[in-house]
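Me: I would like to learn how to read a structure like this one. Could you take me through it step by step?

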Amino acid sequence: MEQRQIVINHKKYRFNPGSTILEVAAENNIRIPTLCHLKDASPTGTCRVCVVEIDGLPELATACNTHAQDKMFVLTESARVIESRKETIRKFLASGNHNCSIGTNQERDWSLFQAKVLTDDGAEELCPAWGDCRLQDLAYQYQVQGGTSAKKPVNYPMETVNPLIIRDFSRCILCGRCIQACNEIQVNKAIRLGNQDTDPKVIAGSDVPLKDSDCVFCGECVQACPVGALVEKKSRYQWRPWDSEKVRTTCPYCGVGCQLNLHVRDKRIVKVTGVEDGSPNKGRLCVKGRFGFDFIYSDERLKTPLIRDKDRFREASWDEALDLVSSKFIEIINQSGPDALAGVSCARSINEDSYQMQKLFRAVFKTNNIDHCART
Amino acid sequence: MTNSFSEFSKARMFLVIGSNMTEAHPVAATFVKNAVQNGAKLIVIDPRRHRLVNFATRHLPLKVGSDIALLNSIMHVLIRENLYDQEFVSTRCTGFEALSEKVGEYPPERASEICGIEAGIIRETARELASVKPVMVCYTLGITEHTCGKNNVMTVANLQMLLGNMGMEYGGVNPLRGQNNVQGACDMGALPNVYPGYQKVDDPAARKKFETAWGVTGMSDKPGLMIPEMMHGLTNGRVRGFYIFGENLANTEPDMNKVAHELKSAEFIVCQDIFETETTRFAHVILPAAAWSENDGTFTNSERRVSRVRTASPPPGVAKPNWWIFREIAKRFGHDWKADSGKEIWDTEISMLAPNLGGIKYHRIQEDGLQWPCPTENHPGTPFLHRSGNFTCGLGRFSPADWTPPAEVPDEEYPLVLSTGRRLYHYHTRTQTGRCEGLNDLLGEETADISLADASRMSIEHGERIQVKSRRGAVCVKANVTPEVPEGMVWMAFHFNEGNANWLTNAAFDPFTLTAEYKACAVRLERM
Ligand code: SF4
Ligand code: SF4
Ligand code: SF4
């Protein structure tokens, strides 16, 4: 077979036909920054952060959707490329309420801006995505400062009417990732780009709140949003990446068994995201997996053993409760044999619990009267 | 599942039967939708026009409980028109003659009368299924929750063997499990007839093996009772002590009045749970358990993948891990169980006793889980079963079955069929999702989903409160008039105590699995 070679930053690499420049670079550990690019979705080249210089082409090209070609000569960090990326990032930062720490070493301008944003947000905190924002990362990497140019007025108010997701258009950079997440990954087709000619905006249905649209609150769009434009209501301001740890676990709801990252702060789950590339869900979650974690903190949890006392229950110690259970079970076994006991295990609890319960019935009580809701 | 979720997005054709995947298994559905966007075909067999139907190449809205008639008829066409996989059938399967004879009784014209799908469409569907190889079949409780549940399951398997779609990637028979760890609870032997790893309690060698491992003698050789038998036993004193771990039987079992009566008759009930529920009301002792995220362990998903569950928070009050509670009771019977953590229980007991899990150890599943069978520590796990048609018991056996109607069918007094299931925003009886901020706001009460035709015939408005009555009970709910539901059907869930469909459902069971017929009973609607 004819060998195809591309030259990136003066080094030669072979590649499979059909690969994009971004893919060839990634395979060879050359990092080209991206922003709008979403894994498993079709590349769009919208944000222009991944631009590279190709010998012989007058314009810079977007690496995510330009195919590698034989004898192509590519520079990924040339002066022109870097200047272009800086300008792109500057433009994004100037486009909305990006009040993270990026601008903090600015003078008065930034303070005024900050005051205005806090009013817009109705909050005392910096952007909820601060510390977990791709745009902020890029701004640090390319040393671009925000808060230097005039802000556009915010034309669309924040959407807070649904119980789970806050849509803050003042921070939307129109990268399109949420739209791809909704249409190409989850295929819920709830949102799209609207008002394209006048003042573009990501819209649901005929520009209605998410709760009145086809949205099923999977939150894939939130996970995809690189900035603070989409955030979980439950997690907003509850969480910064540096004060929480990630704990990988398995979803407690359906039989798909999605892999979750629990973001845990002070021993409390504050946010849940899908484990990128984890099997079986490849980062995807549904509404229950993403937003159904806080039941464990309910005030109504059982906190102590309870023993029936006529029509009510009274609190008891473990010893008292377990002694009562054991003595009653022993009495029943002695009078009526072990098969007068029966147990139902739990199809939601961990394997180790079910194992232990059937062992208790079989090895200790000596009955096989153990079942669970296997068929529901 | 014989196959894996990772195969979904590359499959070429799906047959989804009795599975409302976008609501019950939403992430699995995303992979099916991805495949369809990449050109795969999707055939949906379901009485309801649920969301996945929007992506289907073909939707067969069969009558509730007529699956066997329809599938037998499809097989009838496959055999008559010589469209089945003769090579696979002759080399890998037995019992073809009997199957051929049985499905011979289901020409499309006859099946059509039973299932309500036109004969011509049955023929086209059969041809379509034979046109692509392999076809991946997925099903859920729409297949199992019938009095003919076991026969339904076997009939689906018959179809896939006839098409030669077993033992390969992108094919197979794939039941999506309703609850996160049903697969695991079965694997662990929380079943009356098998020990962990499906070793039979009436096999003396297996019994000996477990007696030795557990250091005891005199274990029972008699398979135990299944849940409906236990419940019945409460009323006649055959079962005197009942230990309910984490199940809200009062709301999840059919015919809630009957269940309440049974639980009320019990002499001594122990409930171990994380919340008070409708069921704990009947308890004599309630033991507070640690919840998900409050202790370490494993779940096994539908594709047989054992994945880790980890601790994030401490349990409230003095609540304890379930395994610890069982161990404490054993101690009071004079048994000293060594293992003192989820990891120890798994690594030193479960994986040593269940051969298919032998190679799975905690240190191997720190990130992605492993799919059993995984017999040894250098085994990579098994994404799909029966590779190249090697069935566990030698040849694949066709088990032909006849169609039987649901135990209760509509009549003049109760002219509609009630079918039940789950909705997206909640899970079972909401002991969990009902306490999650936001989820209750998205769906705060039960509704009865009815068709436009029935609504207009009875002049019921969308959102109007109506009564749904069966021979067992009545509930008051809002009508949800929707094109998803066909004429003659009422569809409800069991998430709310008030308006719970299980006040209405019929406690009729499959004679083999004792699975209840949640998917079909007769009801009538009344305006208030
Ligand atoms: S939550 Fe899910 S369905 Fe709703 S807009 Fe976001 S991606 Fe789409
Ligand atoms: S909401 Fe977020 S993901 Fe969507 S276009 Fe705006 S910035 Fe991009
Ligand atoms: S996130 Fe949704 S689809 Fe995934 S396991 Fe949990 S409930 Fe199932």
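Me: In which sense do strand β17 (residues 447-450) of chain B and β19(B) pair, and over how many bridges?

Reply: Strands of a sheet pair through backbone hydrogen bonds, either parallel or antiparallel. Here β17(B) and β19(B) pair in the parallel sense over 4 bridges, and Thr447(B) stands opposite Lys478(B) in β19(B). Two strands count as paired if DSSP finds at least two bridges between them; strands (E, at least two residues) and helices (H or I, at least four) are DSSP runs, numbered from the N terminus. Please keep in mind that this is a predicted model, where local features need pLDDT of at least 70, side-chain atom pairs count only at pLDDT 80 or more, and totals for chains, interfaces and linings use all residues. Residues are numbered from 1 along each chain as its sequence is written, chains are lettered from A and ligands numbered from 1 in the order in which they are written, and side-chain values use heavy atoms, leaving out hydrogens and water.

Me: Which residues of strand β18 (residues 465-469) of chain B lie on its covered face, and which on its uncovered one?

Reply: In a regular strand the side chains alternate between the two faces of the sheet. In β18(B), Ile466(B) and Val468(B) form the covered face, while Arg465(B), Gln467(B) and Lys469(B) form the uncovered one. Gln467(B) stands opposite Cys476(B) in β19(B) and opposite Glu526(B) in β23(B).

Me: How many strands close into a barrel, and in which order?

Reply: The barrel has 6 strands of chain B, in the order β16-β20-β17-β19-β18-β23, with mixed pairing. From one strand to the next the twist averages 45°, taken between N-to-C directions of lines fitted to C-alpha atoms, on a scale from 0 to 180 degrees.

Me: What is the volume of the largest cavity?

Reply: A cavity is a set of points on a 1 Å grid over the protein atoms alone where a 1.4 Å probe fits but cannot get out, and lining residues have an atom within 4 Å of a point. The largest cavity has a volume of about 420 Å³, a volume being the space filled by probe spheres set on the points. Its lining has 33 residues, and the closest to the centre are Leu141(B), Gly142(B), Thr420(B), Gly421(B) and Lys519(B). β16(B) gives the largest share of this lining, 3 residues.

Me: Why is the site of ligand 3 shared between chains?

Reply: A residue is near a molecule if one of its heavy atoms lies within 4 Å of it. Residues from chains A and B surround ligand 3, so the site is shared. Among them are Cys251(A), Cys254(A), Cys258(A), Cys286(A), Pro26(B) and Val27(B).

Me: Is Phe217(A) buried or exposed?

Reply: Phe217(A) is buried, with a relative accessible area of 2%; buried means under 20%, exposed over 50%, and partly exposed in between (1.4 Å probe, protein chains only). Its phi is near 55°, a positive value in a residue other than glycine. Phe217(A) is also one of the residues around ligand 1. Arg48(A), too, has a positive phi, about 65°, but Arg48(A) is partly exposed at 35%.

How values were computed:
On a 1 Å grid over the protein atoms alone, a cavity is a set of points where a 1.4 Å probe fits but cannot get out, and a pocket is an open set with protein on both sides within 12 Å along at least five of seven lines; lining residues have an atom within 4 Å of a point.
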